Amino acid sequence: MEEALFDGYAQDYDEWFVANEKVFLSELGLLKTSLGDHPGRTLSIGSGSGLFEQALRKQTGIEVSEGVEPSKDMAAIGTKRGMKVQIASAETAELPAEAYDTIYFNGSSSYIADLAVAYGHVAASLKSGGRLILLDVPKESAYGMLYMLANALGGYQDSRLAGALPKVPYPEEFLNLAYWHTTPEKAAVLTSLGFDNLTYYQTLLANPVYTDQKIEDTVPGFDKGGYVAIIAVKK
């Protein structure tokens, strides 16, 4: 992940979630389910503006106050929302050894080219038996396919996308920065790094054009969701 990748886009990021409140709450539900009621000391990698962490604290009482974020703009907002943020990438963050019970990447894996390097670096900060949680849009999902198609067509204005877009689609600037990964690809990287006991949860099962019509439940599996969590345990 490049330094300052999202500098200049922090407001766009938050505004998209405000405009797609039901999508946000569906994804928040997936994060809550993945963390469980007692996640222990927890670190958010690619913590962005701290939007999810603030909502998690207000709505569930779960406190995630430590983050790593390469964008200074994003980190500044996260700090205002009560987080202690290290401005760094997943690959370069200075983290204590075997200090965390849970580390998660919420939407940030899609902005990382080499997953093995990033996951391997932060894995050293997990305790034995700790959990690494990856939440993201899978490449093979309806959302992933839509985003890749829109990017290939030069943006959402292409007439061939008419009728297939959400009312407020994800900002085009973010599509240009993404490296999309499949769920099996991420799972294979985790296994190669020595993680096991992989479990999966998913939400946003409706097609993208319909997903902001209601808050969706979190269900087991990964084969249908537009937002999927992989939970892996460090040996």
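## Helices across the sheet

Helix α8 (residues 183-192) lies across β5, β6 and β8, and its direction is at about 155° to β6. Helix α5 (residues 115-123) lies across β1 (42-45), β4, β5, β6 (195-203) and β8 (227-234), running at about 145° to β5. Axes are lines fitted to C-alpha atoms, for helices over the stretch in contact, and angles between N-to-C directions run from 0 to 180 degrees. Helices (H or I, at least four residues) and strands (E, at least two) are DSSP runs numbered from the N terminus.

This is a predicted model, in which local features need pLDDT of at least 70 and side-chain atom pairs count only at pLDDT 80 or more, while totals for chains, interfaces and linings use all residues. Residues are numbered from 1 along each chain as its sequence is written, and side-chain values use heavy atoms, with hydrogens and water left out.

## The sheet

Eight strands form an open sheet with mixed pairing, in the order β3-β2-β1-β4-β5-β8-β6-β7. The edges are taken by β3 (84-86) and β7 (219-220); each has a single partner strand, so one side of each is left without a neighbour in the sheet. Two strands count as paired if DSSP finds at least two bridges between them.

Strands β4 (residues 100-106) and β5 (residues 126-136) run parallel and are joined by six bridges, with T102 opposite R131 in β5. By contrast, β6 and β8 pair in the antiparallel sense over seven bridges, where Y201 has A229 in β8 as its bridge partner. The pairing of β6 with β7 is also antiparallel and has two bridges; here Q202 is partnered by V219 in β7.

## Packing around helix α1

The axes of α1 and helix α2 (residues 21-35) come within 5 Å and cross at roughly 95°. That angle makes α1 roughly perpendicular to α2 (65 to 115 degrees; angles under 35 count as roughly parallel, over 145 as roughly antiparallel and the rest as oblique). W16, F17, V18 and A19 in α1 meet E21, V23, F24 and E27 in α2, contact meaning heavy atoms within 4.5 Å. By class, this contact has six nonpolar, no polar and two charged residues. Ala, Val, Leu, Ile, Met, Phe, Trp, Tyr, Cys and Pro count as nonpolar, Asp, Glu, Lys and Arg as charged, and the others, Gly among them, as polar.

With helix α4 (residues 72-80), the axis of α1 comes within 8 Å and crosses at roughly 60°; α1 and α4 are therefore oblique to each other. A10, Y13 and D14 in α1 meet D73, M74 and I77 in α4, a contact of four nonpolar, no polar and two charged residues.

## The cavity

A search of the whole structure finds one cavity of 30 Å³ or more. The largest cavity holds about 410 Å³ of space; of its 31 lining residues, Y13, N106, G107, Y111 and Y170 are the closest to its centre. On a 1 Å grid over the protein atoms alone, a cavity is a set of points where a 1.4 Å probe fits but cannot get out, and lining residues have an atom within 4 Å of a point. Grid points are joined across faces, edges and corners, and a volume is the space filled by probe spheres set on the points.

Helices α1 (10-19), α3 (51-60) and α6 (142-152) each supply at least two residues of the lining of the largest cavity. The lining divides into 17 nonpolar, 10 polar and four charged residues.

Key:
On a 1 Å grid over the protein atoms alone, a cavity is a set of points where a 1.4 Å probe fits but cannot get out, and a pocket is an open set with protein on both sides within 12 Å along at least five of seven lines; lining residues have an atom within 4 Å of a point.
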